[in-house]
Amino acid sequence: MSALEISLTVNGEPVRQTVEARKTLVDFLRDDLGLTGSHVGCEHGVCGACTVRLDGAIVRGCLLLAVQCDGAKVETIEGVSDSGEVADLQATFQKRNALQCGYCTPGMLLAAQELLKDGQVPSRDEIRAHISGNYCRCTGYHAIIDAIEATAQARAGGSR
Ligand code: FES
Ligand code: FES
């Protein structure tokens, strides 16, 4: 099997590694770098469990090859969690019972953060539409929408 050397930035750290040409980004992050916060569900772009950020925008880690990310900046749930960027979202997910098994949660947090990053307070319908590409088998979504809405309101200066 062919392998290529790639250089990229992962959670602010430079990474140079030889990777199988057919390996997906999410498998590279999990298997080669030990960043197991990004999950693998459907493996064909439907469930959102593998969501990561590529050059600032969320992408499906199962639909990209690692070699396509040569030269890119990748951020995973570990990075945005360690930096504190999503600390308020995480606390509100916990407070509002917006996770049960947690399998969807890393992708859900990254999707939510993308929606909220410009300081807007989206409607519940907008939140619902935005996270429609992230499946949750446990919560029924209402608590997740509550948590995202509450975080948006808190960031805008309202009450949580
Ligand atoms: S594992 Fe990538 S979208 Fe489901
Ligand atoms: S909390 Fe289990 S899949 Fe969402």
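Visitor: What should I know before looking?
Guide: It's a predicted model, where local features need pLDDT of at least 70, side-chain atom pairs count only at pLDDT 80 or more, and totals for chains, interfaces and linings use all residues. Residues are numbered from 1 along each chain as its sequence is written, chains are lettered from A and ligands numbered from 1 in the order in which they are written, and side-chain values use heavy atoms, leaving out hydrogens and water.

Visitor: OK, how many residues does the largest nonpolar core have?
Guide: The count is 22, and Leu 89, Phe 93, Met 108, Ile 144 and Ile 148 have the most contacts inside it. A nonpolar core is a set of buried Ala, Val, Leu, Ile, Met, Phe, Trp, Tyr and Cys residues joined through side-chain atoms within 4.5 Å. Buried means under 20% relative accessible area, exposed over 50%, partly exposed in between (1.4 Å probe, protein chains only).

Visitor: Which helices supply at least two residues each?
Guide: Helices H2 (77–82), H3 (87–95), H4 (105–116) and H6 (142–155) do. Helices are DSSP runs of H or I, at least four residues, numbered from the N terminus.

Visitor: Is Ala 143 buried or exposed?
Guide: Ala 143 counts as buried because its relative accessibility is 14%. You'll find Ala 143 in helix H6.

Visitor: What does Ala 143 touch?
Guide: Not counting residues up to four places away in sequence, Ala 143 touches Arg 96, Asn 97 and Ala 98. Contact means heavy atoms within 4.5 Å.

Visitor: And how far apart are the C-alpha atoms of Ala 143 and Leu 99?
Guide: They're separated by 8.1 Å, with the two residues 44 apart along the chain.
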